[in-house]
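Q: Could you take me through one part of this model at close range, the place where neighbouring helices pack against each other? I would like to know which residues take part and how they sit.

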Amino acid sequence: MKGKNALLIGIGVIVLIVLILIVGTIKNYNEIVAREETVTKSLANVDTYLQRRADLIPNLVNTVKGYMSHEENIIAEITKARENLVGAKTIDEKSNANKKLTDAINNLYVVVENYPDLKASQNFISLQDEIAGSENRIATSRKDYNDSVNSYNAYIKRFPNNLVASMFGFTAKNYFEASEGSNDVPQVSFE
């Protein structure tokens, strides 16, 4: 009888350990899924604000065209940068396209200084304010996205979460990083 009880206790302990492992795995899996969804939602917010800014660009270009007919290369640069942003699929493509569009818009603003009538145009001022608001929203949503990526990546790299993450194919996410040279101050020349 003593041997039978010991066997039953041993089986009970093994079953309990297996149940704890299963419950722990389910808990970790669900937490990883929740954190991954937060990353996905944050990226969707970034996409929304990037699209909002991209939607404003045609209006800006049309407003500027009337004043700056001989500055077609800047208008073409903005148009191409906008198309690249709208067509970007990966986070790296979006980051690079966003930087190029920002650079193109900044180049436009430098040239606008030579057109006082354009600078005074209410249409242009309104669009400039809308784009500035979009830039602020993009910066905030990029920060939120990067915070959620940081939380997700740290979580799936910790033990024992890394075992569950690798078992179910969860991998680290990329940050929305500034492109190389984005910290460089643009050189402006009015020669």
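**Helix H2 and its neighbours**

A: Happy to. In this predicted model, the axes of helix H1 (residues 2-65) and helix H2 (residues 72-87) come within 10 Å of each other and cross at roughly 160 degrees. An angle over 145 degrees counts as roughly antiparallel, and H1 and H2 are therefore roughly antiparallel to each other. The crossing in which H1 passes H2 is left-handed.

Let's look at who meets whom. From H1 come Leu50, Gln51, Arg53, Ala54, Asp55, Ile57, Pro58, Val61, Val64 and Lys65, and they meet Ile75, Ile78, Thr79, Arg82, Leu85 and Val86 of H2. Sorted by class, the residues of this contact are 10 nonpolar, two polar and four charged.

Leaving aside residues up to four places away in sequence, Arg53 touches Leu85, Asn98, Leu101, Thr102, Ile105, Ile131, Ser134, Glu135 and Ile138. Leu85 also belongs to the H2 side of the contact with H1.

Now turn to the other partner of H2. The axes of H2 and helix H3 (residues 91-112) come within 8 Å and cross at roughly 160 degrees, and H2 and H3 are therefore roughly antiparallel to each other. Their crossing is left-handed. On the H2 side, Ile74, Glu77, Ile78, Ala81, Arg82, Asn84 and Leu85 take part; they meet Lys94, Ala97, Asn98, Lys100, Leu101, Ala104, Ile105, Asn107, Leu108 and Val111 of H3. By class, this contact of H2 with H3 has 10 nonpolar, three polar and four charged residues.

Among the H2 residues in that contact is Asn84, which has its place in helix H2 and is partly exposed, with a relative accessible area of 36%. Asn84 and Ala6 are 78 residues apart along the chain, and their C-alpha atoms are separated by 70 Å.

On the H3 side, Lys94 is worth a stop. It is placed in helix H3 and is buried, with a relative accessible area of 8%. Beyond residues up to four places away in sequence, Lys94 touches Leu43, Asp47, Leu50, Leu85, Ala88, Lys89 and Phe176.

Phe176 is buried, with a relative accessible area of 1%. Not counting residues up to four places away in sequence, Phe176 touches Val46, Leu50, Ile91, Lys94, Ser95, Asn98, Arg142, Tyr145 and Asn146. The C-alpha atoms of Phe176 and Ser95 are separated by 6.1 Å, although these two residues are 81 residues apart along the chain.

One more detail to look for lies in the loop between helix H5 (122-157) and H6, where you will find Pro160. The peptide bond from Phe159 to Pro160 is cis, with omega near 0 degrees. As a point of reference, most peptide bonds are trans.

Methods:
Residues numbered from 1 in each chain as written. Predicted model: local features only at pLDDT ≥ 70, side-chain atom pairs only at ≥ 80, totals over all residues. Heavy atoms only, no water. Axes fitted to C-alpha atoms, helices over the stretch in contact; angles between N-to-C directions. Helix = DSSP H or I, 4+ residues; strand = E, 2+ residues; numbered from the N terminus. Parallel < 35°, antiparallel > 145°, perpendicular 65-115°, else oblique. Left-handed = near helix turned anticlockwise from the far one by under 90°. Contact = heavy atoms within 4.5 Å. Nonpolar A, V, L, I, M, F, W, Y, C, P; charged D, E, K, R; others polar. Buried < 20%, exposed > 50% of the residue type's maximum accessible area, 1.4 Å probe, protein only.
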